[in-house]
Amino acid sequence: MNKRLLAALLGASAFAIQALPAMAEDTLAAAKAEGQYVSYGMSDDWVNLGTIFGEIESKFGLKHVDTDMTSAEQITHLLAEKDAPVMDIADIGYDFTGRLLENGLAASYKNAFWDSIEPRYKDADGRWASSYWGAIAFLVNTDKVKVAPQTWNDLLKPDYKDMVCSRDPRISSYATASVLAAAYANGGGEDNVQPGLDWFKQLRDSGNLRNGVVLNVASVQKGECPISMVYDFDGFAKRDATGLPLQVIIPSDGTVGMLFAQYISSAAPHPNAAKVAIDFLFSDEGQHLLAEGYAHPTRDIALSDAVKAKMLPASAYEKVRFPTNLASFSGAIKNIAEGWDKIAK
């Protein structure tokens, strides 16, 4: 685990927001003239995005219009909108960032905090940067599960018959990253995903994988998902939203840290407003607001004691594996999707 990330997770007891750097007057004036920006991606309750968009409107007078959609849908929409662009900025999973760049859909913009973002979390040409990450974890209902699983292979035990919820690895980054994490736990990795595919097949064939149920608040409340594979920040959010006895567990044999990338469309109708929004997202204040939504900021900022109290200690994340690079990670994701397609048929 990166030492700077560990320090950021531990944070400092005092928290002070760094002021947003002065923007070029012409950019800010042009942004205010545009008056709004349109985003594609996650819903407002995802990692506190709604609050962040509200702060941008309050500080800069820029209205926010959004459409919730998956990373795959973003690509489809942007390709269809080339002659009549709609979207300005988006939040996309790292597993789809390669396709974004291949199609020339992202503009080059190095935000105001560019130099304080580690190279692994940004594109050298400025086409994207990741403002937060999440770890693939287990979310366990301790009323339904008396002995919680601690490792990936624990999920294969007969104790967890019909208890494990996941999505399909061909269409969901939750599931795909889980397969990759299981591959690492069983001697594989980005260059050899087969151990992860074998593990997911065992999970299905054992009957431990519950059919037809995906994780959402309603399924948790109804007890349909006693053990779910989730992003840790989503698990914390569901724990606090439902008040149920939910425990977030980072597998002790390691897991995958999934990056979420932010970018400006190469055909953005409101490019200046988009720049202002992206700058705020990467500011100390924006990063702390993401942490209030349980996400892990990619910049090394101090976290308040109140935020740290809601999350796991830094020691839980010492075996998190981040993508080696975009090409390697994208290749692994493609191999998982294609491999599971062959197995599932």
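**Before selecting anything**

The model is predicted, and local features need pLDDT of at least 70, side-chain atom pairs count only at pLDDT 80 or more, and totals for chains, interfaces and linings use all residues.

**The whole protein**

Display the complete chain as a cartoon. The protein has 13 helices and 10 strands; these are DSSP runs numbered from the N terminus, with helices (H or I) of at least four residues and strands (E) of at least two. Its radius of gyration is 20 Å, close to the 20 Å that the globule rule gives for 345 residues, so the protein is as compact as a globular protein of that length. This radius is taken over C-alpha atoms, and the rule is 2.2 Å times the number of residues to the power 0.38. The C-alpha trace spans about 65 × 45 × 35 Å along the principal axes.

Next, show the surface. Of the 345 residues, 54% are buried, meaning under 20% relative accessible area, computed with a 1.4 Å probe and protein chains only. Among contacts with a separation of 6 or more, 77% join residues 24 or more positions apart; a contact means heavy atoms within 4.5 Å.

**First stop: V47**

Select V47, in the loop between β1 (36–41) and α3 (49–60). V47 is not a glycine, yet its phi is positive, about 45 degrees. Most residues other than glycine have a negative phi. V47 is also buried, with a relative accessible area of 2%.

**Second stop: Y294**

Move to Y294, which lies in the loop between α11 (284–292) and β9 (296–297). Here too the residue is other than glycine and phi is positive, near 80 degrees. Y294 is buried, at a relative accessible area of 10%.

Finally, select Q74 in helix α4 (residues 71–80). Q74 counts as buried, at 0% relative accessibility. Which residues does Q74 touch, not counting residues up to four places away in sequence? Show the side chains of Y40, G41, M69, A90, D91, I92 and Y263, which are the residues in contact with Q74 on that basis.

Terms used. Residues are numbered from 1 along each chain as its sequence is written. Side-chain values use heavy atoms; hydrogens and water are left out. Buried means under 20% relative accessible area, exposed over 50%, partly exposed in between (1.4 Å probe, protein chains only).
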